[in-house]
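Please open the model in your viewer and keep the selection tool at hand. The stops below say what to select and what is there.

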Amino acid sequence: MRKFARKVKNSFKKGKKSSPTSQSASPLPGTASEDIPAARTVSMEGSSVAQVQSVALGILGPALGLFKEASVALPPLQAVVGSVFKCFEIYQTISGNTEKLKALANDLASRTKFLQGILEKEGLESLGEPLIQDLAHDLERICTNVTVSQHMGPGQKLQMDKNSQTIEGFQKEIQDAYEQCKMKLLFTIERNTETILREFVLQSMKHSSEAFYDSDIVNRTPCHPETRKDILSAIEAWAIDASSGPGYCMFGMAGTGKSTIAISVCRMLKAKNVLAATFFCSRQIPECNNYRLIIPTLSYQLARFSKTFAMSLKGILTSDPDIVVKTPGVQIEKLLIEPWKAVITAAQMGIYHPMLVLDALDECQDIAKVLQPLVSAISKKELQGLKFFITSRPEPRIQAEIKAYSASGMKEFILHNVEGDIVQKDISLYLQKELEHISPTEEQLCILTDSSQQLFIYAATVVRFVKEVDGMSRQKTRLLDCTKNAAHMVDLEALYVKILDDAIPTKIEKEMKDDLNILYTIVSVGRPLTCKTIAELLQPEVEVETVSALIKKLGAVFYQVEQHGPILIFHKSFYDFLSSYKDSKYKYNAVTQHESLTLSCFQIMEKLCFNICDLPSSFIKDDDVPGFKDKVSKKIPETLNYCCQFWTDHFEIGQTDQLFQKVQEILIEKGIYWLEAMSLLKSLPRCSKMLDAILKTSSNNADHSSIERIVSYLQNLIRQFINGDVYGMTPHLYLSIMPFWKNGVGCKPQLRRGIKVINRVINWLPETTVTVNVSAIVNSVQYSPMGDKIGTGCDDNTVRIWDARTGSQIGEPLQGHDGSVSSVAFSPDGTRIVSGSDDSTVRIWDARTGAQIGVPLQGHDDQVSSVVFSPDGTRIVSGSYDNTIGIWDARTGAQIGVPLQGHDNWVYSVAFSPDGTRIASGSGDNT
C-alpha cells in the first residue's frame with residue numbers, strides 16, 4: 001500500500017495544475033501551525049468574527065482530523081485536503097452551522113476509510129489508482145467553485161436559510177463525487193475475475209470461443225466511421241438508458257448490414273465497459289450454429305465479466321457439471337438466471353447494465369429452442385439488469401418467438417425499412433472512402449450506389465472485387481468494368497455471376513469443371529476447411545495449388561484469416577445465390593455434390609486401422625499417454641478427421657442406392673476402426689447420432705434392412721463402451737468391450753478367441769437392452785401404442801420422447817410446465833401426449849412436432865399425479881393431490897362437468913375402462 005501511495009502521490013502532483021485555491025494538506029485549523037487564515041479567504045467585519053470562527057473551527061478540528069488521517073493512505077485525496085479545509089472555513093464563517101459541517105466532516109472520513117479498506121481487502125491498489133485520482137480532481141473542482149463564488153464585495157451577506165441551503169449543496173456535490181467513485185470501484189472489483197478464474201476450471205466449460213464478436217476465425221468488420229450514425233446513436237441511447245426495455249431486436253433482409261452494425265455496437269459497448277457476452281451465429285462454423293452452445297458461451301463470458309457471477313457459477317457446476325449439455329431451458333435456469341440473481345443480490349453492478357449481443361440468429365439451427373425459454377425468462381424479469389441486442393433476418397419463426405411475449409419489453413427495429421435516401425447516402429460515403437485511393441468519379445459512385453439497391457453487401461462485394469487485384473491500374477480497370485456493365489448487374493445475383501465469370505475460365509472445359517468442383521465443395525462441407533483438405537477431398541483431379549489460386553481469384557466472396565487457414569464465405573447471400581441459381585452455367589446440384597463427397601470420405605477412411613495412434617498401453621487413460629494430442633493430430637490429420645466426423649452429413653443429402661451399398665461396406669470393413677478413431681477424437685457420442693441419421697434414411701426402404709441390422713449392432717457396441725468403466729481408454733474397446741459384444745454382422749476385426757458366456761445370473765442381455773440416459777429423475781414412463789417411442793415425465797419439468805429401438809432422444813424436451821412432470825400418457829393413435837405436473841396443470845402435446853396443443857388445462861388446486869387418455873382418445877382423466885378427479889375434452893381442452901369428489905386423501909392413480917364408460921381411481925385414503 002505504501003508503494004502504491006508514493007506512486008500515486010507523485011503522479012497526481014505532476015498532473016495537478018497550480019491555482020490560488022489548491023494546496024497540499026495542512027495541519028488542522030485552530031492549531032498553532034494553522035496555515036489557512038480565515039481573513040484571507042472571506043471578507044470579514046471585525047476581529048470578533050475571526051475569534052468566533054477560530055473557536056468554531058476548533059470544534060470541527062477532531063472531525064476534520066479524522067478526514068485528514070483517512071486520506072493519508074490515498075495520496076491524491078491527501079493532496080486536496082487543504083482545499084477541502086478551506087471550504088469548511090468559508091462555510092463556517094458565513095453560516096456558523098458547526099453541527100452540519102461537523103457531520104459532513106465525519107461523513108467524509110467514513111467514506112474515505114471505506115475506499116481505503118476495500119482497496120486493501122481486494123488487493124486492487126493499482127486498479128483503483130485512476131478512480132481515486134478522478135475523485136481528487138472532482139473534489140478540487142468543487143472546492144475551486146466554492147472559493148470563487150465567495151469573492152464578494154464589501155458588506156455583502158447571505159441570509160441564514162440561504163447559507164444552510166448552500167452548505168447542503170456543497171455537501172451533496174462532495175457526497176455525489178464519493179458515491180460515484182464508490183460505484184466505479186465496486187464495478188471494477190466485480191469485473192476483476194482473474195483470481196476466481198485461476199481457481200475455477202472455467203476453461204473446461206464447453207463453449208464456443210469462435211462465436212465471440214472479436215474471434216479471428218471470421219472476418220467481422222464494423223461500420224465505416226461516417227455511416228449508420230443515426231442507427232448507432234439510437235442503439236447507444238437505448239443501451240445507456242436505465243428505463244429502456246431489456247431487449248433490442250434488429251431485423252433486416254439479407255445484405256442490409258446487420259452483422260456490421262452488431263460489430264460496431266460491440267465495440268461501442270466494449271469502450272463503455274459494459275459488453276458482457278456475445279454470440280455471433282454462422283452457418284459455416286459448426287460451433288457457431290449449434291444452439292446448444294449459445295447459453296454456455298454467454299454464461300462463460302459473464303463469468304469472465306463478473307466475479308460474483310463466476311463464484312456462483314462455480315458452485316453450480318461443481319454440484320452438477322453436466323448442466324452444460326442439458327436442454328436450453330435448464331441451461332438458462334442454471335447457467336444464467338441463478339448466477340445472475342447472485343449478482344443482483346450483491347448489488348455490485350450499481351448503475352451499470354451489462355449487455356449481451358446475439359447476431360444472425362437465422363444462421364443457427366433450431367434457434368427457437370433457445371429463443372423461447374430465453375425470451376420467456378426476460379419477460380418474467382428473471383434476468384433483470386441484463387440487456388440483450390439481437391439481430392436476425394425477419395424469419396417468421398424467430399419473430400413469432402419474440403412477439404409471443406408482449407410483456408418482455410423487446411424493442412423491434414426493421415433495418416430494411418430505413419428510408420432509402422439515408423441508406424443510399426451511407427452506401428455512397430462507404431464506397432467513396434473505400435475506393436478513394438483510385439479516385440472514383442462522381443458518376444461511378446452514383447452508378448454503384450444505385451445498383452446496390454440499399455444492400456450494403458452489394459457495395460462491400462464490389463469493393464472486395466476491385467481490391468482483390470494488385471496495382472491501382474488493374475483496380476481502376478475493374479471499377480470501370482463494374483460501372484460500364486451496371487445495366488447487367490442490377491442485383492446481387494448478377495454481381496455474383498460477374499465475379500464467377502471473371503474468376504473461372506470457360507475455354508478449357510477441364511479447368512472449368514475443376515474450379516466449379518472446388519467452388520461447390522467449399523459451400524457443401526460441414527465446417528470451413530483449408531485449401532489442402534479441399535484438395536485432398538477432390539484428389540486426384542485437384543491439387544492444392546489449384547484451390548489456392550481459385551480462392552485468390554474469388555477474394556470478393558471467399559477469404560482466409562491466415563495464409564493456410566480455413567476458407568470462409570464472406571456472406572450467406574453467396575450460398576443462397578448458388579443454391580437458388582437456375583442457369584445451367586453455375587447451377588449447384590446439392591445431391592450430386594454430397595454424393596461425391598460421401599464417396600470421397602469413404603475413400604479417405606480406408607486409412608483407418610487397428611490402434612491407429614500406436615497407443616502403448618491399455619493401463620492408462622488416453623489423456624495420460626505422453627504426447628497424446630500430437631499422436632492424434634499426426635495419425636488422424638485434418639482430412640481424415642473431417643471425414644470421420646461429417647460423412648453422414650453428406651450421405652443424408654446425397655443418398656442413392658449406390659451409396660447405401662457403400663455405407664454397408666464401410667461399416668463392415670471400417671466401422672469398428674471408425675469408432676476407435678472417434679473415441680480418440682473425443683467424439684464417440686457423436687457416432688450414435690450419426691448412426692441414427694443412417695437409420696432414418698434407411699427406414700423407408702425395406703431393401704436397406706441389412707444396414708439397419710449393422711447399425712443396431714454398432715449402436716449396442718457404442719452403448720456398452722460409453723457406459724463402461726473403461727470409457728476414455730480406447731484400447732479397451734478391443735480388450736474389454738468387444739469380447740462381450742455379439743458381432744452378429746461380421747464387422748471387422750473379428751476376435752478369434754472371444755469370451756463365451758455359459759450362464760447368465762439375470763437374463764438382461766446387453767446386446768438387446770437399450771439404456772436411455774435422461775439426465776433427470778424420471779417420474780413416469782410409457783410406450784407409444786406402436787411400441788416405437790417411449791415418453792418420459794421428468795423432475796426437470798420436461799416431457800421427453802425417445803426412440804425405443806436406439807434409446808436416442810427424438811427432438812428436444814417438451815417444455816412448458818413450471819413443476820416436475822409426474823405422469824405422461826400417449827393417445828391411442830400415438831399422435832398426442834398428455835402430461836400432468838406439480839404445477840397443477842395438464843398439458844397436451846403433439847408427439848410428432850413437440851408443440852404444445854392449446855393452453856394448459858387448469859382446474860386442479862394441487863399437484864396432478866396421474867393422467868390418461870380414454871380408449872377413443874376424446875377425453876382425458878386426471879387425478880390430483882387436491883383429492884379430486886378431473887375429466888377433460890381432449891380436443892378443446894375444456895373441463896367436462898365438475899371435478900369428481902369423494903376421496904379424503906390424495907388421488908395417486910386413474911384409469912379408464914376398456915369401453916371408456918367408467919373410471920377407476922386409487923387414493924391415499926385406502927380406497
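**First stop: helices 29 and 30**

Helix 29 passes helix 30 in a left-handed crossing (left-handed if the near helix is turned anticlockwise from the far one by less than a right angle, right-handed if clockwise). This is a predicted model, in which local features need pLDDT of at least 70 and side-chain atom pairs count only at pLDDT 80 or more, while totals for chains, interfaces and linings use all residues. Residues are numbered from 1 along each chain as its sequence is written, and side-chain values use heavy atoms, with hydrogens and water left out.

Select residues 684-698 for helix 29 and 705-722 for helix 30: they pack at an angle of about 160°, with their axes 10 Å apart. Helices here (H or I, at least four residues) and strands (E, at least two) are DSSP runs, numbered from the N terminus. Axes are lines fitted to C-alpha atoms, for helices over the stretch in contact, and angles run from 0 to 180 degrees between N-to-C directions. That angle makes helix 29 roughly antiparallel to helix 30 (over 145 degrees; under 35 is roughly parallel, 65 to 115 roughly perpendicular and the rest oblique).

Now show side chains. The contact of helix 29 with helix 30 divides into 12 nonpolar, three polar and two charged residues. Ala, Val, Leu, Ile, Met, Phe, Trp, Tyr, Cys and Pro count as nonpolar, Asp, Glu, Lys and Arg as charged, and the others, Gly among them, as polar.

**Second stop: helices 18 and 20**

Select residues 456-467 (helix 18) and 492-503 (helix 20), which pack at an angle of about 15° with axes 10 Å apart. Helix 18 is therefore roughly parallel to helix 20. Their crossing is left-handed. Including Tyr458 and Phe465 of helix 18 and Tyr496 and Lys498 of helix 20, the contact has eight nonpolar, one polar and two charged residues.

Helix 14 (residues 368-379) and helix 15 (residues 396-403) pack at about 15°, with their axes 9 Å apart. Helix 14 passes helix 15 in a right-handed crossing. Ala368, Leu371, Gln372 and Val375 in helix 14 meet Arg397, Ile398, Glu401 and Ile402 in helix 15.

**Last stop: the whole chain**

Zoom out: the chain has 31 helices and 20 strands. Of its 927 residues, 52% are buried (under 20% relative accessible area; exposed is over 50%, partly exposed in between, with a 1.4 Å probe and protein chains only).

Note on methods:
Contact means heavy atoms within 4.5 Å.
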